[in-house]
Amino acid sequence: MQAAGGPEEDFNYGGWNAPYYDEALDHIAEKQKQPAKGLLLGRKTLRFLLPS
């Protein structure tokens with residue numbers, strides 16, 4: 001995974017998103033960083049975590 005860092009990085013397109021980052025995008029990013037409200041576990045995972 002490559003972060004969209006600065007143009008000095010070894011990635012050809014580094015820093016491309018800086019001109020587009022504004023308050024609206026910041027609001028969306030902060031909202032996505034909020035903790036999850038629930039956790040969906042599969043049957044096998046649940047059995048592993050809560051053995052009977």
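Student: In which helix does Phe48 lie?

Tutor: This is a predicted model, in which local features need pLDDT of at least 70, side-chain atom pairs count only at pLDDT 80 or more, and totals for chains, interfaces and linings use all residues. Residues are numbered from 1 along each chain as its sequence is written, and side-chain values use heavy atoms, with hydrogens and water left out. Helices are DSSP runs of H or I with at least four residues, numbered from the N terminus. The run that covers residues 43-49 includes Phe48, and this run is helix H2.

Student: Is Phe48 buried or exposed?

Tutor: Buried means under 20% relative accessible area, exposed over 50%, and partly exposed in between, with a 1.4 Å probe and protein chains only. Because its relative accessibility is 67%, Phe48 counts as exposed.

Student: Which residue forms a salt bridge with Lys33?

Tutor: Side chains of opposite charge can pair when their charged atoms come close. A salt bridge requires a side-chain nitrogen of Lys or Arg within 4 Å of a carboxyl oxygen of Asp or Glu, and a search of the whole structure finds one. With the closest N and O atoms 3.1 Å apart, the partner of Lys33 is Glu30.

Student: Does Glu30 count as buried, partly exposed or exposed?

Tutor: Lys33 has 58% relative accessibility and therefore counts as exposed. Glu30 has 37% relative accessibility, so the class for Glu30 is partly exposed.

Notes: Helices (H or I, at least four residues) and strands (E, at least two) are DSSP runs, numbered from the N terminus.
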